[in-house]
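Subject: Structure handover

Hello,

Here is the structure I promised to pass on. Please open it and keep it beside this email while you read.

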Amino acid sequence: MNTVDVLAPVAVTGPVLLACLVLVAGRWLPRPVIDAVALAGAVGLAVCGALLVHATLAGDAVTWLGGWTPPPGAHPVGIALVVDPAAGGLVVLVGVLAAGALLFSWRYFASVEARFHGLVLLFSAGMTGFVLAGDLFTMLVFFELMGAVAYALAAYKIEEPRSLQGGLTFGVVNSLGAYLALCGIGVLYARTGQLSLAYVGETLAGARPDGPAVVGIVLVLVGWLVKAAAVPFHFWLADAHAVAPTPVCVLFSGVMAPLGVYGVVRVSAVAAPEVPALRGVLVVVGAVTAVLGAVLCVVQRNLKRLLAYSTIAHIGLFLVGATDGGARAWLVYLAGHAGVKAALFLLVGGLLARFGSVDEIDLHGAGRTGDPADRVAAALYVVAALALAGLPPFGAGLGKAALEESVPGALVPVVVGTSVVTAAAVLRAGLRVFYGVGPRPERRVDLERTSGEGEERETTGRLRHATATMLAAPALLLAAAAVVGVLPLIGRVGALAGERLADGGAYRAAVLGTGAVAGAVPEPVSWHPPGVVTGVLTTAAAVVLALLVLVSGRVPARRRRPVRRAIGPVVLGLERLHSGHVGDYVAWLLFGAAVIGIAVAAPTLG
Amino acid sequence: MTLTVVAWTVAGWLVLVGALGIVRSRDLVHTVVALSVAQSGTYVLLIAAGFQRGATVPILGAGGAGSSPVVDPLVQAMVLTDIVVSATVTALLLALTIQIAKRHGTVDPDELRALRG
Amino acid sequence: MSRLRLVLFGLGAVGLAVLWVVATTGLPPVGTDVHPYRDAAVAAAAAHATANVVSSINFDQRTFDTLGEETILLASVVAVTTLLRPADDERVEPPDPPPAVLPATRLAGWALLPVTLLVGADVVLHGHLTPGGGFQGGVVLATALHLLYLAGSFPALQWVRPTRWAPLLEPAGSGLFVVVGLAGLVVGAGFTAEFLPPGVLGAPLSSGTVLLLNVVAGVGVGAAVVSLLGQFLRQEIVIGPGAAP
């Protein structure tokens with residue numbers, strides 16, 4: 001047995017075992033012990049992931065569980081865990097973000113009998129299993145595990161009506177997506193007689209794709225795209241994020257939804273190399289997701305919902321990058337974005353603990369208390385917002401710069417525009433809340449939009465000061481995002497991980513044991529002068545845009561009207577589509593699945 | 001031939017009619033049940049994919065192993081997993097429905113207006 | 001708004017139906033005798049002396065999936081317990097005196113109790129030989145306990161106190177499942193590998209870890225179903241509006 005044979009299964013089951021431990025002993029153990037055990041589990045998971053990355057730099061590692069390694073040429077009956085640097089890196093991300101969420105929740109977050117800790121650990125196990133699974137049905141099982149825990153975490157605050165509605169919608173839409181994926185797996189099984197992803201790919205490779213192969217793969221990808229919150233499957237994400245406790249949002253936004261993109265890239269690279277139409281469709285889906293997410297981000301006043309739409313926009317960029325030339329860049333962007341977005345969510349969670357609201361208008365100037373802790377929070381928020389815009393040397397900026405270098409020219413405006421607009425919206429909200437910049441907007445009852453008032457507290461009571469752990473968690477995550485941007489090792493491994501993830505042939509060869517295919521070592525992702533310049537420029541553009549919006553409150557109303565008359569109805573129409581109605585979301589899910597399916601199948605099958 | 005058409009049609013029909021149930025639902029309990037109707041389409045699909053005419057149960061030693069073929073046991077194992085998932089998701093969503101009934105005073109999706117935009 | 005919803009659904013359903021026809025017309029006919037996975041799985045089950053091939057897949061060849069499934073069950077129990085906890089503005093009330101139960105119902109409940117327990121144990125313990133296994137048997141075992149509810153035997157239930165031990169037994173069962181998996185790793189055979197002697201095909205003590213994992217899963221599943229139903233019953237019987245004391 002080598003390192004991967006031990007570490008890969010332990011990475012999935014270790015958190016499960018710890019969860020069982022805290023759930024059994026939770027009612028007797030004092031809270032700090034539970035906090036420490038769960039935090040140690042999350043940190044251990046991150047270390048495990050780092051060791052997995054280290055062990056697979058030279059080539060993908062495969063471990064057939066239960067000793068069921070198939071002899072050459074035989075049909076496999078067991079399950080393989082397949083580790084490559086991308087999978088290992090995502091395990092690190094799961095561990096780091098879970099640690100951040102648990103650190104933020106230290107002592108104050110209301111957890112009954114350690115159940116919150118148990119759920120976070122089970123959630124980490126579900127995500128790790130999905131990432132490492134080399135088998136379509138195993139992927140689905142862990143997708144469902146992720147889902148079951150996530151619905152409960154989203155609706156954790158049972159006293160809050162919104163929270164329950166968001167949790168239910170999330171559950172119904174994601175489950176239906178999973179069932180469509182299972183239909184796809186069933187069709188692929190009937191077609192190939194295989195469940196192992198690599199063997200399915202090997203059976204389909206080399207031949208002209210037929211009906212079952214194309215439709216089966218599309219249905220599986222639709223399931224993963226629902227998790228990724230790609231348009232038009234994105235509706236659940238904003239609702240679930242707006243209502244979930246802030247430490248949970250860190251995991252939802254930073255890694256759970258992006259894992260959907262990972263699943264799409266993995267499955268399409270290994271099992272659908274002969275379907276060129278797929279790539280074009282995914283790029284369009286990604287670009288539409290980015291633009292729509294950015295537009296809806298701007299109009300939000302609930303801070304968590306605003307951040308959620310910014311996540312949707314960035315997931316669109318990941319999808320664009322991963323499918324159209326940005327293979328070496330998008331994982332670095334994902335890691336950098338995760339740190340920054342996680343820090344922003346936790347800072348908003350701090351606002352909720354301090355002031356009992358997450359509404360931008362309600363909280364105007366609330367952060368100007370003069371309390372040193374609040375000043376630190378304000379500074380962290382502004383830095384994080386600038387980092388989201390692409391400020392060097394943060395990882396989000398590095399990933400964005402590398403993405404702009406790699407994607408085709410026509411897509412560069414989408415990348416730049418999306419990051420500037422979403423960062424400007426985040427910055428605008430922060431300047432209003434923490435510094436009281438601009439006139440106080442009129443407080444109106446908003447029937448078309450979810451406000452951030454009346455949100456239940458997550459802590460055991462109103463906090464007079466932000467606690468040390470509540471500030472340390474976002475500060476550390478922001479520092480991690482800076483490390484992603486500064487450490488050359490990460491740029492090197494990130495580029496390698498992205499390219500290897502896109503190389504389905506090497507994956508199939510590793511699993512089938514037909515000899516490793518040595519891929520070229522890609523150029524590391526690093527800062528170049530043009531990237532630094534555009535990073536600074538997009539940051540400046542975001543600042544200017546945010547200030548313009550804040551100052552425009554002083555412009556006389558009649559001078560603003562033409563602008564509003566032109567784009568107002570369009571944006572309002574878009575907002576109305578986000579009705580919070582589960583029936584609407586399911587109708588969109590079927591419609592989107594059909595459109596994507598036909599767009600892929602028609603040109604492929606002729 | 002007929003069996004083939006019937007099996008695949010029933011599987012697809014159940015998934016779509018379950019989804020239609022969610023779309024047209026006026027009661028969240030009905031929504032949750034419609035979701036499990038959609039899922040039962042996957043059971044039919046999987047069992048059909050593993051069926052063999054004239055084959056017996058996948059138990060060795062019963063009906064003479066080796067003498068007569070058995071149906072595909074893998075799809076049965078998958079359906080077992082699928083059923084457990086269905087039961088847990090249904091329990092979870094019904095728990096949410098109970099709390100929604102308490103906090104919103106209704107279980108009609110048309111009347112839930114807490115989230116929009 | 002609901003018009004748009006139906007139109008979208010209709011378009012989507014028609015599109016998916018077309019795709020479904022495209023997919024299924026390209027598949028082999030239902031009832032085909034080409035099942036490569038079946039052939040491999042049957043051979044693998046025979047090699048490990050497991051008569052029930054479905055159990056061999058669930059608890060030997062693809063144990064990892066079952067571990068995930070067991071964890072989903074654990075997650076849902078924790079989740080339902082979390083969601084159905086008494087809210088800040090609710091309190092736990094003493095239950096109303098149980099309604100009178102017909103003597104016939106009471107008799108049926110008590111008469112079925114030992115039979116159900118026996119059937120449940122049988123389904124678990126012979127899961128490697130005959131149809132059944134830990135998951136199915138666990139559900140039957142949980143049913144036995146709920147016969148006490150139906151028989152209206154609240155004193156007996158209070159003595160058994162399922163809400164005390166079931167929420168602890170379920171994580172314990174899941175944890176043991178992981179421990180059995182790790183044991184294979186410790187003896188050097190690999191995670192979830194067979195580390196017990198397989199025995200003779202068809203014998204009561206055969207199939208190595210399959211029997212052991214069936215028992216562990218039976219305990220976990222039984223406790224999970226008891227916890228889940230217990231949470232829903234508790235919600236109905238003892239949780240009412242009013243501030244917590």
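A helix here is a DSSP run of H or I with at least four residues, and a strand is a run of E with at least two. Both are numbered from the N terminus. Keep in mind that this is a predicted model.

Chain B

Start with chain B. It has 3 helices and 0 strands. From the N terminus on, the order of its elements is α-α-α.

How much of chain B is buried? Of its 117 residues, 53% count as buried. Now take the contacts in chain B between residues at least 6 apart in sequence. Of these, 54% join residues at least 24 apart.

Chain A

Next comes chain A. It contains 22 helices and 2 strands. Its radius of gyration is 23 Å, close to the 25 Å that the globule rule gives for 606 residues, so chain A is as compact as a globular protein of that length. Along the principal axes, its C-alpha atoms fill a box of roughly 75 × 60 × 50 Å. Buried residues account for 69% of the 606 residues in chain A. Of the contacts in chain A between residues at least 6 apart in sequence, 84% link residues at least 24 apart.

Chain A also has a domain assignment. Domain 1 covers 1-134. Domain 2 is made of 161-274 + 566-606. Domain 3 is made of 275-437 + 464-502 + 525-554. Look at domain 1 and domain 3 of chain A together. Their C-alpha centres lie 27 Å apart. Their contact takes 13 residues from domain 1 of chain A and 20 residues from domain 3 of chain A. Which helix supplies the largest share of the domain 1 side? Helix 3 (residues 85-104) of chain A does, with 9 residues. By class, that side of domain 1 has 10 nonpolar, 2 polar and 1 charged residues.

Where chain A meets chain B

This contact takes 40 residues from chain A and 36 residues from chain B. On the chain A side, the elements that give two or more residues are helix 5 (136-154), helix 6 (161-192), helix 9 (235-243) and helix 22 (582-605). Helix 6 of chain A provides the largest share of that side, 17 residues. The side of chain A that touches chain B divides into 22 nonpolar, 12 polar and 6 charged residues.

Chain C

Chain C has 9 helices and 2 strands. Along the sequence, its pattern is α-α-α-α-β-α-α-α-α-α-β. The radius of gyration of chain C is 23 Å, while a compact globule of 245 residues would have one near 18 Å. The C-alpha trace of chain C spans about 60 × 60 × 40 Å along its principal axes. Of the 245 residues of chain C, 50% count as buried. Consider the contacts in chain C with a separation of 6 or more. Residues 24 or more positions apart account for 74% of them.

Where chain C meets chain A

Here, 60 residues of chain C are in contact with 63 residues of chain A. On the chain C side, five elements each supply at least two residues: helix 1 (2-25), helix 2 (36-47), helix 3 (53-61), helix 4 (63-83) and helix 8 (162-186). Which of them gives the most? Helix 4 of chain C does, with 16 residues. By class, the side of chain C that touches chain A has 34 nonpolar, 18 polar and 8 charged residues.

Finish with Ala41(C), which is found in helix 2 of chain C. Why does Ala41(C) count as buried? Because it has 26 C-beta neighbours inside 10 Å, and the cut-off is 20 or more.

Leave out residues up to four places away in sequence. Ala41(C) then touches Val77(A) in chain A, Pro73(B) and Leu74(B) in chain B, and Val53(C), Ile57(C) and Gln61(C) in chain C.

Best wishes

How values were computed
Residues numbered from 1 in each chain as written. Chains lettered and ligands numbered in written order. Predicted model: local features only at pLDDT ≥ 70, side-chain atom pairs only at ≥ 80, totals over all residues. Buried ≥ 20, exposed ≤ 12 C-beta atoms within 10 Å, placed from the backbone. Contact = placed C-beta atoms within 7 Å. Nonpolar A, V, L, I, M, F, W, Y, C, P; charged D, E, K, R; others polar. Domains from an automatic or database assignment. Rg over C-alpha atoms; globule rule 2.2 N^0.38 Å.
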